[in-house]
Protein chains: 2
Amino acid sequence: VANVRLSAPKPFVRLQHTKPVHQVFAPLDTFAPRHIGPDSNEIQAMLKQVGAKDMEEMLSKTIPSSIRSPKPLAIKEGIPERELLGRLKAIASKNKVHRSYLGQGYTDTVVPNVILRNVMENPAWYTQYTPYQPEIAQGRLESLINFQTMVTDMTGLPIANASLLDEGTAAAEAMLMTWQAARRKKNLFVVDENCHSQTIACLKTRAESFNIEVVTADIFNYKFDEHKKDLCGVLLQYPNACGTVEDYEALTSSIHSAGGQVAVATDLMALALLKSPGEFGADIALGNAQRFGVPLGFGGPHAAFFACKDEHKRRMPGRLVGVSKDANGKHAYRLALQTREQHIRREKATSNICTAQALLANMSAMYAVYHGPAGIKAIAQRIHNMTAVLAAGIRENGLVVENDGAFFDTLSVKVDSSSSILQKALTKNINLRAINGQTVGVTLDETVTQADVADLLEVFAQEGAPAVSIDTLASALPQVNSFPIQLQRTSAYLEHPIFNSHHSETEMLRYIHHLQSKDLSLVHSMIPLGSCTMKLNATTEMIPITWAEFGNIHPFAPVDQTDGYRIMLQELEKDLEEITGFDGVSLQPNSGAQGEYAGLRVIRAYHDARGDSHRNVCLIPISAHGTNPASAAMAGMDVVIVKCDEDGNLDMEDLKTKAEKYKDNLSAVMITYPSTFGMFERGVAEACEVIHKYGGQVYMDGANLNAQIGLTKPAEIGADVCHMNLHKTFCIPHGGGGPGMGPIACKSHLAPYLPGHPVITTGGQNAIGPISAAPFGSASILPISWAYIKLMGGQGLTNSTKAALLNANYMASRLAPHYEILYTNENGMCGHEFIVDIRPFVDHGVAAIDVAKRLQDFGFHSPTMSWPVTNTLMIEPTESESKVELDRFCDAMIVIRKEIQAVLDGSVSKENNVLVNAPHSLETLMADEWNKPYSRESAAYPMPYLREKKFWPSVSRVDDAYGDRNLMCTCPSPEEYMDQ
Amino acid sequence: VANVRLSAPKPFVRLQHTKPVHQVFAPLDTFAPRHIGPDSNEIQAMLKQVGAKDMEEMLSKTIPSSIRSPKPLAIKEGIPERELLGRLKAIASKNKVHRSYLGQGYTDTVVPNVILRNVMENPAWYTQYTPYQPEIAQGRLESLINFQTMVTDMTGLPIANASLLDEGTAAAEAMLMTWQAARRKKNLFVVDENCHSQTIACLKTRAESFNIEVVTADIFNYKFDEHKKDLCGVLLQYPNACGTVEDYEALTSSIHSAGGQVAVATDLMALALLKSPGEFGADIALGNAQRFGVPLGFGGPHAAFFACKDEHKRRMPGRLVGVSKDANGKHAYRLALQTREQHIRREKATSNICTAQALLANMSAMYAVYHGPAGIKAIAQRIHNMTAVLAAGIRENGLVVENDGAFFDTLSVKVDSSSSILQKALTKNINLRAINGQTVGVTLDETVTQADVADLLEVFAQEGAPAVSIDTLASALPQVNSFPIQLQRTSAYLEHPIFNSHHSETEMLRYIHHLQSKDLSLVHSMIPLGSCTMKLNATTEMIPITWAEFGNIHPFAPVDQTDGYRIMLQELEKDLEEITGFDGVSLQPNSGAQGEYAGLRVIRAYHDARGDSHRNVCLIPISAHGTNPASAAMAGMDVVIVKCDEDGNLDMEDLKTKAEKYKDNLSAVMITYPSTFGMFERGVAEACEVIHKYGGQVYMDGANLNAQIGLTKPAEIGADVCHMNLHKTFCIPHGGGGPGMGPIACKSHLAPYLPGHPVITTGGQNAIGPISAAPFGSASILPISWAYIKLMGGQGLTNSTKAALLNANYMASRLAPHYEILYTNENGMCGHEFIVDIRPFVDHGVAAIDVAKRLQDFGFHSPTMSWPVTNTLMIEPTESESKVELDRFCDAMIVIRKEIQAVLDGSVSKENNVLVNAPHSLETLMADEWNKPYSRESAAYPMPYLREKKFWPSVSRVDDAYGDRNLMCTCPSPEEYMDQ
Ligand SMILES: Cc1ncc(COP(=O)(O)O)c(C=O)c1O
Ligand SMILES: Cc1ncc(COP(=O)(O)O)c(C=O)c1O
Ligand SMILES: O=C([O-])O
């Protein structure tokens, strides 16, 4: 039997919440029934399976009645899809898209349309998860290693990671790397005053909690030799914030002599013409890869890059893709040094990076693949030449270019009055930067045309003076670089064939689709990752992301040009306040972990303001996500672990004891709710009371908010502040490891401390420093969450939560006869996710990883493996999966249980069976030789439907240990492949 | 060795034609180097292989110098991609997108965004070719059979095809079906005067050449029994053009009694509520599926549908997808009755349909899959209810609704003055239709909102009268249909599981991607189909297609609202005139074959105008494409075949003899250039002279224009008129079998006859009747060709032609040592395509089909098979393929040649070898049993790179004969699958 459509007919009666259709005008393109997987028939069947007569009974068995919200969500009825896009377009068009010469790490770029359509607008790319299952993720792993190769090539440093969140936090990571390298013993970090102001501000925020002293200095006049004792590192900007290209070689030597490490914030495009940081001796290079083909997007998302010397590689923050081999000895990519990344060294952590910017790193890598070395160089040269023409014209106009002879793309122009020049520019819809009252900054980019340069020259023209001829200027342009000759780049880059083979659109298109074909994503099957909420990322939510009105806005554009953004952001804030029950929101943190950090810093600021600076103990349950203690450590808190009982719940006694014990210094508790075991703990409200009683604040990790919306609220439960992973609950796609957004919401007493920003005003009256480089983090993906909430409406959101809970309980109930389900409540119910125990089989030779890999043979992504409990699988179906899909997954798990039984029974070999050999790649399955003790078909087609529809792993099981022993994090050369 | 990147580094120096990059301002996102596959290094290597020292030498060996254009193309330098989109946006925004209530077969629709993004905007769908290779096309074949099932369900007739070009030509096909059914002996075809005017006009154009008398009549008062002798058929419109739903049951009986067949032009949405044509006895049903989720697009492209009784199935025009089985006995789809379709019965043809509207049929089918029966019914009911509210309000306003009690979505409203009502509507940006001076038509659709109805009521409000309350109207609305009770639909539709399983967005997304995963397209590898020009369909060209400014315009919108379209169309016309050397262009024909027909009708009109109506002989070379004689027959011409010599060239002696023999009646010759053998025939200019000497006109089939642009021109060669397949030469993607566009260009003496249109003025002063239902055919895809020409510029286009010729000659030269290359010129050169001869192997048991299928095992689509010569393969690489890809293909062909040799040598079995068993599907390859006389790996991985990148056929070789014997053209039921 093949090619069968297994599903029986079912009428189209879906979970309705809008007016009944007989109401004449009710629109039919309502979204909630499209977002929620199960229809009403399925819901009935599922309720029956879980033994509840209706939804309300199911809920009452699942959620403590004490925390149920008294009122329905005060969010209007869902808006139909078509109407929503019309409304958002009207809002978006209130943004004014001016020509931006503001620079400061953000410039306009030409996004190659083949990349725009086939990566950024393609669900097969954007719905991928972080590539923890390398066998079904070789495509994006290859692309990320291309990114790493590009960064190492351009920076001249040997090791690069697969992206960080933004340049500001990357600089903070660099600072902490130098501090760690100095064994946390030297606390002076010197920053050139000519670094971008938002970078300096991010650094300072981060330095505070570690008691690192950040000194901003005129770097060439700083006496490093006088600070040998304390100096851990230095941050330079290359070219610097005024656009000047300095020769840092001697300076680097003297910093090294003083025992400091040199971190260089830089620009990949400039490095196409300039000597690389690695070549002049830098230890670390970092920056924003945005201008490599990622829209400005009002500040993000973009991929920050980070490269370092080999000696620092085990201190590398973020994810690192490496080359290893699979069970057949074939080259295969996978995340390297996972032990470092996943089990963050908690209390000693200086970095909490989890979600990063994979999708944007892929776009930037593809940009390099598309252009190749000569193409990148030509773009850089053209930008530079145009800047030189502009400089010549400004000179001709009688003005002084302060960094003449030493610029790449940015000029600092001395003027009588910056504000009047800026005003003049505005009349031409041009944005310039006021460096100070008498200096104006102009940064050129790839999109600039001759007409643009002519316009700029008019802005800088003296009243009544004759116009300068741009053609004359251009033809007089000397063919030399306008920076010191010794800074010219002579070394090659992007020499790998990958960057030299895909320059026609056809080749590029095929390369993108080839990589895509290796990667499982939500377009294939459910990705039931516990704690990750892999739900529908609906097209209507995604469409606005690539509108020019959102994409082409500089984060520091004058406020009156960003009304569209501001309306959208305010509406989103308001909705998030209603959903959480809180009073204030910061949209700045650009990942969940950044949200944690921001929230804890806000708590700290609150205590400080009350003279309680000594309050620095943070209670964290043992079951918490690794980012929790890492964030607490980064906030300068002392982490005290609270036990859990054997049901996975907070050990209330232990909590009380520790709260009391540390009462004088108690700062906060971090609680995840439902817990990371997927449980609605009964004791949660009491726990909050205990903490409050001892003067502490309650931080709620909102990763599991998808189980709460409309049914309960963090504020009602008793929390003071929480973050929300918009890339989980609010439909921002995971992008294969980012982008994400982790805004925080808090009660009014904390709101004054919400994070500020040095360039654009954000946050409370007593704002802490910025958490992210951009004022609203990755602002351009916020329309996704805005749209999700508006499309669903209050009732739709609530129905969605119900469906998420029902889906999980349905699966748990189907699997319970076959596997032990860890941690259910007294009614036998789980929350929105549940844990399947594999530990009973471990002694028999079957571990969680074997089940995870075998699921790939069924075309499925594994659930979350070995977290929060080793050798378990945590399953979170989300509301978007239909019963048909849940059943497919359950059926697979049940077949696998039978396969496990055969091992347990001893009827198949412990060392050589369909589980331990999983996944079975195509090559394995059709090798001429087949000496496995089971058949090819049972390996390949364990269920009949797989003959019609199956996703195939492109390599067999990847050897992690081998890769970590032989670390290799750039594209392998063709010769290396040949050796296989 | 696996996972190897085989290509060596190569610098990014591509075929340049723009200013050198050192020119400061020259933009770098120039398109030509991205469009053209080979870069300059590759071009050098390829020239060497073909034995030419430079491009010019290659050209001089290929093209007769006598026809080389004296001057370069007068088309400006290519515009960079970003600038082009800006320019087109400015043009597009000159279109005014008003609310359209114009109806007449075109209404607005809500395109589900998941379908928009994942089908219409997805190169994996739009770059597919017609599914002639079913093993690598099961996805779109399934979708097309969904379309057929949907059409049969809704119309109540058992057989439907996989789309026609538009409703007008579908009606013409229906007329001819009735005429053929009457053995061409009855020549009266009666049309209800209440059919859409453009449909009547299309019918009349088509009827002329067959001497069918089309009588427009008041259908209920027509005396059919008085015309028994002549009556072949009748066309009714249901609901009719005024919106009235008539009961045609009795009428149908009386037409049947008079020996006539009944064809019904209808509306799928109305049929959700109305008794189906099949149920009231109709023989044929047809119409436009546009309102099932395809944008208005100023008239197209949309899929027309066509269904008929079983007895007519072998007369079915267009393509028919059927169910058959593969070599393993597994269900498989494929094009049915291909003999009927491919070998068009030439001289007796009444239809020339080749390219149809597959992509749009897929969109409409997906719309039905997404909504399901209840969803479709709800949409229809809502439209109808709102129309009823509007009718009630208009009544309340004191006006008369002429079709009250008998409408679905369209009202005919009696007014004092249509023009003043239309004027009033325009002030609200509303378009209404003037049915006559005192009757206004209003047609509602799925997008209409309560506010829209309120606006309409204001338009129809009497001066000073109190406003009617829309809520009161709505609540008073009786829950009955406003048409005769006996016309209410009681039968079910869309009951198949396919239409009842994919209603959540997640399920829909996965279904689309699942089908996509089975289909090879240009995102995978080259599709070297001779005569089909499968070149890059660049993203920048495709992006504007889904802009609202192009998508949401009704074809009959007031002219002053379509300035944007008109500017774009005029620029395109001008460019096409320059490229062909002609003086006038018609953008109406919406396929190449329609272009042929249009061109021949223009020639006929020219002769008629000169009193030469007797000139009706059309000379056609034996090698011509099947559509050529079919089009000639449809134009009422007698086809006389001209021989070719053994080199594949026109037999000049035979041409002269026949031209002279038929000189008195000579109407035209049809010439394809380069010839369908891919040859630049030397004699072409002389052939044109001969024809002209005898008073004939030269029609050039422009399918091969890609070999001419910038090097020669149809007009310079001597042609009088030609068509251009914009879906070949000018980058409109093939969409899996359409859409396409086949505009014609002609000399000034023919221009007065270019086709007109009854609603919107087009064509010459003495225009022939319309060829298509819409004035500019599938207007909304014309921006693709406009953009291609503007992006490339004259020099870019010319370079492209050169690269196309070089690519073909390079491949021919690489394959020549291994295969016989048919038909090269005296210098051993081919044109833009060439023919590989498989005939020498046929007696040994290897036919062209075996090579074609074996190529699938290499991840390639076969070249054109057995056309124009049986048992040959015709290869056209196009300019967009890089040398790397050409080499991959040649290497595959060379390996296959070795496999053939083994058969020839007798070293492998003739009946059981890797060729005759090809393609090898995944299921075959990993079956437990393997009893083939060769290894699995040699079947699966005949080249090492396939281990890294391969497209897998989803079924094994499909049995065509079985499917034709057991014709089944709707979705097979699950039970049928179970029987396997
Ligand atoms: C419970 C919990 N907290 C925090 C995080 C960190 O969020 P992010 O990856 O957005 O930094 C996660 C991510 O999976 C999580 O599951
Ligand atoms: C030589 C030739 N003429 C005419 C046609 C018909 O064009 P269309 O498919 O657009 O109707 C084709 C199509 O392949 C062709 O190759
Ligand atoms: O489609 C063709 O008939 O070539």
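An oxygen atom of ligand 1 lies 2.8 Å from a polar backbone atom of A:A593, a polar contact in the sense of a pair of N or O atoms within 3.5 Å (within protein, one must be able to donate a hydrogen and the other to accept it, and residues adjacent in sequence count only if both atoms are side-chain atoms). The model is predicted, so local features need pLDDT of at least 70 and side-chain atom pairs count only at pLDDT 80 or more, while totals for chains, interfaces and linings use all residues. Residues are numbered from 1 along each chain as its sequence is written, chains are lettered from A and ligands numbered from 1 in the order in which they are written, and side-chain values use heavy atoms, with hydrogens and water left out.

A polar backbone atom of A:G592 also approaches ligand 1, at 2.6 Å from an oxygen atom. The side chain of A:N725 places a polar atom 3.1 Å from a ligand 1 oxygen. Taken alone, ligand 1 exposes 390 Å², of which the protein buries 97% (accessible areas by the Shrake-Rupley method with a 1.4 Å probe; for residues, only the protein chains shown count as cover).

The shell around ligand 1 holds 14 residues, each with a heavy atom within 4 Å. The closest are A:T355, A:S531, A:G592, A:D701 and A:H727. Helix 20 (residues 592–609) of chain A gives the largest share, three residues; helices are DSSP runs of H or I with at least four residues, numbered from the N terminus. By class, the shell has three nonpolar, eight polar and three charged residues. Nonpolar covers Ala, Val, Leu, Ile, Met, Phe, Trp, Tyr, Cys and Pro; charged covers Asp, Glu, Lys and Arg; the others, Gly among them, are polar.

A nitrogen atom of ligand 2 lies 2.5 Å from an N or O atom in the side chain of B:D701. For B:K728, a polar side-chain atom sits 2.6 Å from a ligand 2 oxygen. Ligand 2 exposes 390 Å² when taken alone, and the protein buries 98% of that.

Elsewhere in chain A, helix 12 (residues 358–396) packs against helix 14 (residues 450–459) at about 25 degrees, with axes 10 Å apart. Axes are lines fitted to C-alpha atoms over the stretch in contact, and angles run from 0 to 180 degrees between N-to-C directions. The two helices of chain A are therefore roughly parallel, a term for angles under 35 degrees.

Key. Angles under 35 degrees count as roughly parallel, over 145 as roughly antiparallel, 65 to 115 as roughly perpendicular and the rest as oblique.
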